[in-house]
Amino acid sequence: MNFDKLTNRVKTLVQDVVSLASTRRNQYISPEHILKVMLTDNEPTILELIVKSGGNIDELRRLTDEALGKIPAVSGATVQSLMSQDFSRVMDGAEQLAVQNGDSFITLERVLQSLSRNATAAAEILKQSGVSAQRLDAAISAFRNGRVADSESAEDNFEALKKYTIDMT
């Protein structure tokens, strides 16, 4: 994972994920931690994409909390949380999706898209709560409307366009 290719929001997400794993005293950072932070931060775009792809936010939060409760906690003075292979796979997948879609930077929606596509507990949680990878892909395409992430602040630009424009179609 190349941190230079992350948008500001994804950098914040990764910091919050590391902090969550450390607070919970989890030795490994997992995709479930990513999902929890995405749902906790109440990112309007992420929540909207989940709903548009058939997801039930309350069920998703419940299942994510259950999954996190099953991750073992370690004891000791300090806990150094390490990236699990699944976490690395999800982030690498997000980078590949970004490249495939012409993005110069990895955005939150590409991380969510990668979560739905990788064979992890987080993908199963998304599926159980009603999110399908195909509907999520369609929701992201509709949200992006051909725009690409070409800067660290791309997501802020997407939000500004949504906020200050009118869809004439």
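The following legends describe close-up views of a predicted model of one protein chain.

**Figure 1. Overview of the chain and its secondary structure.** The chain contains 9 helices and 2 strands. Along the sequence, these elements follow one another in the pattern α-β-α-α-α-β-α-α-α-α-α. Of the 169 residues in the chain, 46% are buried.

**Figure 2. The packing of helix α3 against helix α8.** Two packed helices are described by the angle between their axes and the distance between the axes. Helix α3 spans residues 44-52 and helix α8 spans residues 133-144. Their axes lie 8 Å apart, and the helices pack at an angle of about 130°. The two helices are therefore oblique to each other. The crossing in which α3 passes α8 is right-handed. On the side of α3, the contact is made by T45, L49 and K52, and on the side of α8 by L136, A139, I140 and F143. Sorted by class, the residues of this contact comprise 5 nonpolar, 1 polar and 1 charged.

**Figure 3. The packing of helix α3 against helix α6.** The axes of α3 and α6 come within 10 Å and cross at roughly 40°. This angle makes α3 oblique to α6. The crossing of these helices is right-handed. Here I46, L49 and I50 of α3 meet L108, E109 and L112 of α6. The residues of the contact between α3 and α6 divide into 5 nonpolar, no polar and 1 charged. Residue L49 of α3 takes part in this contact and also in the contact with α8.

**Figure 4. The packing of helix α6 against helix α7.** Helix α6 covers residues 108-117, and helix α7 covers residues 121-128. The axes of α6 and α7 come within 7 Å and cross at roughly 90°. The two helices are therefore roughly perpendicular to each other. Residues L112, L115 and S116 of α6 form the contact together with A122, A123 and L126 of α7. By class, the contact of α6 with α7 has 5 nonpolar residues, 1 polar residue and no charged residues. Residue L112 of α6 belongs to this contact and also to the contact with α3.

**Figure 5. The burial of helix α6.** In α6, 9 of the 10 residues are buried, so the helix is largely enclosed by the rest of the structure. The buried residues are L108, E109, R110, V111, L112, Q113, S114, L115 and S116. Among them, L108, E109 and L112 meet α3, while L112, L115 and S116 take part in the contact with α7.

Figure 6. Residue S81 is located in the loop between helix α4 (57-69) and strand β2 (82-83). With a relative accessible area of 13%, S81 is buried, because a residue counts as buried under 20%. The side chain of S81 reaches the backbone nitrogen of S22 at 3.5 Å. A polar atom of the S81 side chain also lies 2.7 Å from the backbone oxygen of N26. When neighbours within four places in sequence are left aside, S81 is in contact with A21, S22, N26, Q27 and I29.

Definitions and conventions:
Residues are numbered from 1 along each chain as its sequence is written. This is a predicted model: local features need pLDDT of at least 70, side-chain atom pairs count only at pLDDT 80 or more; totals for chains, interfaces and linings use all residues. Side-chain values use heavy atoms; hydrogens and water are left out. Axes are lines fitted to C-alpha atoms, for helices over the stretch in contact, and angles run from 0 to 180 degrees between N-to-C directions. Helices (H or I, at least four residues) and strands (E, at least two) are DSSP runs, numbered from the N terminus. Angles under 35 degrees count as roughly parallel, over 145 as roughly antiparallel, 65 to 115 as roughly perpendicular and the rest as oblique. A crossing is left-handed if the near helix is turned anticlockwise from the far one by less than a right angle, and right-handed if clockwise. Contact means heavy atoms within 4.5 Å. Ala, Val, Leu, Ile, Met, Phe, Trp, Tyr, Cys and Pro count as nonpolar, Asp, Glu, Lys and Arg as charged, and the others, Gly among them, as polar. Buried means under 20% relative accessible area, exposed over 50%, partly exposed in between (1.4 Å probe, protein chains only). A polar contact is a pair of N or O atoms within 3.5 Å; within protein, one must be able to donate a hydrogen and the other to accept it, and residues adjacent in sequence count only if both atoms are side-chain atoms.
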